[in-house]
Amino acid sequence: MGLLSRVKTMIAADIHEWLDEKEKKNPIAVLNEYLRQCEQEVEKVRKLLERQYLLKEQFTREYREAMQLAQKRKKQADIASKAGESELFAFASHEQMQYEERATRLQQLLEQTNEQLLELEKKYEQMKHQLKDMHMRRMELMGRENIARAHYRMNRVLEDKSPALSTFADTESYLERLEQRVQSDYYRHTIDARIAELEKRLQQEQ
């Protein structure tokens, strides 16, 4: 192979290496990174939802406890009133009012928490659906990318006009010449042998 052919082969190899390196930085890799970040965000939202459920349960427990204590103090205030114990009646009545106010506030917080939780659940479901759609879209793009790469690589081989092909042609031509030479030597050797045999036979007849 001549110097020019070697240089062309080296340049072609460098170009293919550069294209392969560019393939590693294709948009599919960027999309994969974006999807990983989205998955992390969805996981964070899921944990926040779990915390909100825990807060709802805590508000519910506090509300029930405040209602029970308010009823208990109301009953105690009634007993103290009937017994003429004004001091105990005042204390129980004051406690009853405080528990009722606390229960009212907790009830408001519980209702607000339920509304917020419902809104979070809706958005969380939307996030999951959107993430699923993006995964499906990525699979579709990956399929198209695989097909494109396969066609690119097959075409590169099928349409390759590199010196390697001329080397095959030169080798084939060399083998044809060698075969012709071997065939010619065989015929030449055969003719020489037949002539020698005829010459020997003629001498014997004489």
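Modeller: A nonpolar core is a set of buried Ala, Val, Leu, Ile, Met, Phe, Trp, Tyr and Cys residues joined through side-chain atoms within 4.5 Å. Please bear in mind that this is a predicted model.

Colleague: Which residues make up the largest nonpolar core?

Modeller: The largest nonpolar core has 8 residues in all: Leu35, Cys38, Val42, Leu49, Leu117, Tyr124, Leu131 and Met134. Helices α2 and α3 are the elements that give two or more residues to this core. In soluble globular proteins, nonpolar side chains tend to be buried together.

Colleague: Stepping back, how many helices and strands does the chain have?

Modeller: There are 4 helices and 0 strands, and the order from the N terminus is α-α-α-α. Of the 206 residues in the chain, 15% are buried.

Colleague: What share of the contacts with a separation of 6 or more comes from residues 24 or more positions apart?

Modeller: Such residues account for 84% of those contacts.

Colleague: Back to α2 and α3, then. At what angle do their axes cross?

Modeller: The axes of α2, residues 27-83, and α3, residues 86-158, cross at roughly 165° and come within 6 Å. Angles over 145 degrees count as roughly antiparallel, so α2 is roughly antiparallel to α3.

Colleague: Is the crossing left-handed or right-handed?

Modeller: The crossing of α2 past α3 is left-handed.

Colleague: And how do the residues of that contact divide?

Modeller: The contact of α2 with α3 comprises 33 nonpolar, 12 polar and 14 charged residues.

Colleague: Let us take single residues. Is threonine 113 buried or exposed?

Modeller: Threonine 113, in helix α3, counts as buried because its relative accessibility is 4%, and the cut-off for buried is under 20%.

Colleague: What is threonine 113 in contact with, beyond its neighbours within four places in sequence?

Modeller: Threonine 113 is in contact with Gln52, Lys56 and Phe59. Between threonine 113 and lysine 56 the C-alpha to C-alpha distance is 6.4 Å, although 57 residues separate them in sequence. With sequence neighbours within four places again left aside, leucine 117 contacts Leu49, Gln52, Tyr53 and Lys56.

Methods: Residues are numbered from 1 along each chain as its sequence is written. This is a predicted model: local features need pLDDT of at least 70, side-chain atom pairs count only at pLDDT 80 or more; totals for chains, interfaces and linings use all residues. Side-chain values use heavy atoms; hydrogens and water are left out. Axes are lines fitted to C-alpha atoms, for helices over the stretch in contact, and angles run from 0 to 180 degrees between N-to-C directions. Angles under 35 degrees count as roughly parallel, over 145 as roughly antiparallel, 65 to 115 as roughly perpendicular and the rest as oblique. A crossing is left-handed if the near helix is turned anticlockwise from the far one by less than a right angle, and right-handed if clockwise. Ala, Val, Leu, Ile, Met, Phe, Trp, Tyr, Cys and Pro count as nonpolar, Asp, Glu, Lys and Arg as charged, and the others, Gly among them, as polar. Buried means under 20% relative accessible area, exposed over 50%, partly exposed in between (1.4 Å probe, protein chains only). Contact means heavy atoms within 4.5 Å.
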